Amino acid sequence: MNSLSGDSTNVPSERNSELIDDEDGTASTNMDAVDGNEEATKLLKKLKTKKTRDIQTYKFNLKELEPLRKNFFVNTNPIDPDEAINFQVMNNIFINNKSITPVMNFYHMGLDAETISVITEHFRFKLPTPIQSQTIPAIMTGNDVIGIGKTGSGKTMCYLLGMLKHIKQQRPLSKGETGPMGVILSPTRELAIQIHETCCEFLKVNSMNAICCTGGSELQKQINDLKRGVEVIIATPGRFIDLLTLNNGKLLKTDRISFVTLDEADRLFDLGFEPQINQIMKTIRPDKQCVLFSATFPSKLQAFAVKILHKPVIIAVGNKQVVNENITQMAKVIDKESDKFNYLLNILGKQPEHSKTIIFCESQLQVDFMNRRLLGSGHSPIQIHAGLSSNERAQNLQKFKKDPNANILICTEVLSRGLDVPEVSLVILYNAARSFAQYVHSTGRTARGNTKGSAISLISSQEDLQAYILYKCMKQDELPDDVKAIALKFAKDLDSGKKKISAGYGGKGLDNLDKLRDETEQKAKLKLGETETTTTNETDHEDEDEEEVKDPNLDIVYNIQTDSVDKGDFNAKININDLPQDIRWIASNNATLTKIIEQTSVSVTYKGRFYPEGKEPEAGEEPKLYLLVEATREQQLFDAIDLFKSIVVSGLKKATQDRSGKFSM
Ligand code: ADP
Ligand code: MG
């Protein structure tokens with residue numbers, strides 16, 4: 001299948017003295033003590049006296065290789081992007097591919113019953129740790145992954161479960177095939193042994209085998225085990241190369257290896273294993289899946305990772321990067337409304353002439369009120385809220401974007417989501433955000449692209465949830481002491497169960513979350529019913545609008561591959577086919593698409609064809625009708641989707657009111 005090129009590549013000679021050493025350098029004296037076996041002793045001697053270690057390098061012809069199945073993840077209980085943001089902020093998770101949402105329960109990872117029982121009965125784990133929630137779906141969707149999390153965060157399980165599932169998706173080893181299919185490289189013998197023990201718990205219930213190959217341990221036994229066929233090898237890099245070179249490369253074949261893990265990559269790197277790993281990688285098919293786990297991610301390791309991984313999804317837990325780094329975050333505790341407004345005037349007075357500011361208010365009424373107050377104070381603000389017609393909103397937005405003298409925009413959080421105005425250098429949350437997602441989206445209106453910006457939240461001393469959100473999102477040196485004090489009190493109440501953020505977030509399990517979602521949906525439906533009878537009540541109507549814009553329940557599959565801020569693939573597929581007819585009509589209407597394209601500069605195309613309810617495409621048929629949204633930047637894509645949602649919801653409401661009929665979702 002593979003054509004062996006016969007190339008030989010040399011490992012740097014300074015490592016030769018350690019040829020058969022343990023990676024900690026202890027084994028060089030115990031050649032005979034290795035296992036006392038004659039054949040092994042001979043092999044070891046041969047290794048020791050060889051000037052360089054020759055590794056057979058395969059030249060792979062991808063077309064001739066057995067196909068690999070890498071993307072097989074079925075999230076049996078997906079959460080929406082806002083819930084994902086909540087989970088990520090609560091757990092300080094950074095991920096460069098926002099389309100991969102965390103999975104909060106082992107039961108929702110598509111694992112088989114045997115594997116689940118090892119997790120829940122043998123190891124007695126109840127819930128995945130944050131790094132497990134986020135990296136496992138990333139691995140199971142076939143990505144190369146970099147997982148960074150402090151020691152003890154549960155990284156082993158991330159790659160073991162990912163690897164196990166991967167191996168089970170491939171053709172099993174046939175008679176005579178030695179494997180392995182998965183390789184785990186560890187910097188030390190002790191760690192390799194520990195990983196091997198854990199790994200075996202999972203493999204044995206699946207009738208698979210793993211061997212642990214480290215220097216200083218019984219080579220002959222390793223050789224014998226290997227000959228019998230193993231699915232997984234856990235090894236230190238030096239010993240793995242030893243095995244690769246034995247018998248001119250005929251002992252350890254690499255043609256079935258398709259999943260490689262580098263555990264404790266920072267230590268592998270510190271210990272100088274980079275050349276070995278490079279060598280090893282060259283012997284393995286290039287379309288393999290490779291994951292790297294590490295406690296830290298120094299820049300040298302980053303450069304190395306870029307070389308050996310393909311478009312990796314980077315996940316770092318314990319990292320406060322959810323809010324754009326280019327935003328200076330500020331917060332101010334003010335209780336009296338008049339003081340708050342004066343403070344606002346003061347800030348506005350200090351802004352450079354042509355810089356733009358967005359002020360977020362809680363409701364349409366407040367936007368209106370703020371507009372009048374600012375007009376009265378000599379400013380000329382522009383407003384956008386749900387009470388304006390879509391034409392007026394578009395005009396106002398255009399004015400804010402194009403007119404250099406229009407430098408203040410007042411709006412509600414929900415309606416701002418489509419905004420991309422590069423000149424915005426300041427965002428003021430007149431009422432501090434009440435959810436992580438709201439905070440991330442609102443502050444994200446500034447520092448667009450590579451520009452910098454500031455965000456100021458105004459908060460009262462009673463607003464403890466809001467303080468907690470700031471505490472979790474702001475850098476410690478930016479966080480004012482008084483906000484921190486309020487937040488810490490709230491955190492204590494959270495711990496003691498006296499207060500709750502939202503059931504299910506922060507690793508409380510999806511069961512709660514499901515319940516919460518059902519309740520929210522129920523509430524939204526009820527509210528929609530009420531709207532039809534209370535449309536004369538402006539305030540209710542408006543809150544209403546905002547409530548639903550948040551969750552029009554669309555089925556969206558994101559595909560985001562971030563290389564840098566504005567390089568990569570950013571697209572999303574919105575399932576139109578399965579929407580109720582009202583929504584489908586609005587979603588696919590030309591005016592909607594034109595508006596999205598105009599306001600966010602994405603490209604939107606129809607794909608697939610319509611299948612009536614109950615009918616599914618057969619193999620080879622076109623997929624169900626969907627909209628493909630393609631952007632050149634990640635934020636642009638999110639903005640387009642947000643705008644799309646808000647158009648659908650407001651259009652739907654209008655249609656409902658026009659018909660004065662009942663709508664049911
Ligand atoms: P790391 O590699 O990040 O240092 P490990 O994978 O060695 O961490 O795990 C640290 C400890 O946490 C181990 O004792 C492991 O059994 C335990 N552990 C792993 N996952 C979970 C979980 N989901 N729930 C509870 N304990 C876990
Ligand atoms: Mg570890």
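A polar contact is a pair of N or O atoms within 3.5 Å. With that cut-off in mind, the tour of this predicted model opens at the ligand.

**Stop 1: the ligand site**

Select ligand 1 together with Gln-132. A nitrogen atom of the ligand is placed 2.8 Å from an N or O atom in the Gln-132 side chain. For Gly-154, display the backbone: one of its N or O atoms is 3.1 Å from an oxygen atom of ligand 1. The protein buries 65% of the 560 Å² that ligand 1 exposes when taken alone.

Now extend the selection to the surrounding shell. There are 13 residues around ligand 1, and those that come nearest are Leu-127, Gln-132, Gly-152, Lys-155 and Thr-156. Colouring the shell by class gives four nonpolar, seven polar and two charged residues.

**Stop 2: aromatic pairs**

The structure contains six aromatic pairs. Begin with Phe-269 and Phe-304, a tilted pair with 5.4 Å from centre to centre and 45° between the planes. Phe-269 belongs to helix 9 (residues 265-270) and Phe-304 to helix 11 (residues 299-308), so the pair ties together parts 35 residues apart in sequence. Both Phe-269 and Phe-304 are buried.

Move to Tyr-468 and Tyr-471. Their ring centres are 6.2 Å apart and their planes meet at 35°, so this pair is tilted. Both residues lie in helix 16 (residues 464-473), where a spacing of three residues separates Tyr-468 from Tyr-471 by about one helical turn. Tyr-468 and Tyr-471 are buried.

To close this stop, select Phe-123, Phe-125 and Phe-202, which ring pairs link into a cluster.

**Stop 3: charges over rings**

Display Arg-373 with Phe-341: the charged end of Arg-373 sits over the Phe-341 ring, 4.0 Å from its centre. Then display Lys-356, which lies over the face of Phe-400 at 5.2 Å from the ring centre.

**Stop 4: contacts across the sequence**

Select Asp-578 in the loop between strand 18 (567-575) and helix 20 (581-588). Asp-578 is partly exposed, with a relative accessible area of 45%.

Continue to Phe-638 in helix 22 (residues 634-659). With a relative accessibility of 14%, Phe-638 counts as buried. A C-alpha to C-alpha line from Phe-638 to His-441 spans 9.6 Å, while 197 residues separate the two in sequence.

**Stop 5: backbone geometry**

Most residues other than glycine have a negative phi, and most peptide bonds are trans.

Which residues does a cis peptide bond join? Select Gly-179 and Pro-180, where omega is about 0°. Pro-180 is in the loop between helix 5 (155-169) and strand 5 (182-185).

Turn next to Ser-207, a residue other than glycine whose phi is positive, near 55°. Ser-207 is located in the loop between helix 6 (189-204) and strand 6 (210-213), and it is exposed, with a relative accessible area of 66%.

The tour ends at Glu-264. This residue is not a glycine, yet its phi is positive at about 45°. Glu-264 occupies the loop between strand 8 (259-262) and helix 9. Glu-264 counts as partly exposed, at 21% relative accessibility.

Key. Residues are numbered from 1 along each chain as its sequence is written. Chains are lettered from A and ligands numbered from 1 in the order in which they are written. This is a predicted model: local features need pLDDT of at least 70, side-chain atom pairs count only at pLDDT 80 or more; totals for chains, interfaces and linings use all residues. Side-chain values use heavy atoms; hydrogens and water are left out. A residue is near a molecule or strand if one of its heavy atoms lies within 4 Å of it. A polar contact is a pair of N or O atoms within 3.5 Å; within protein, one must be able to donate a hydrogen and the other to accept it, and residues adjacent in sequence count only if both atoms are side-chain atoms. Accessible areas come from the Shrake-Rupley method with a 1.4 Å probe; for residues, only the protein chains shown count as cover. Ala, Val, Leu, Ile, Met, Phe, Trp, Tyr, Cys and Pro count as nonpolar, Asp, Glu, Lys and Arg as charged, and the others, Gly among them, as polar. Rings of Phe, Tyr and Trp (its six-membered ring) pair if their centres lie within 6.5 Å; planes under 30 degrees apart count as stacked, over 60 as edge-to-face and the rest as tilted. Helices (H or I, at least four residues) and strands (E, at least two) are DSSP runs, numbered from the N terminus. Buried means under 20% relative accessible area, exposed over 50%, partly exposed in between (1.4 Å probe, protein chains only). A charge sits over a ring if NZ of Lys or CZ of Arg is within 6 Å of the ring centre and within 35 degrees of the ring normal.
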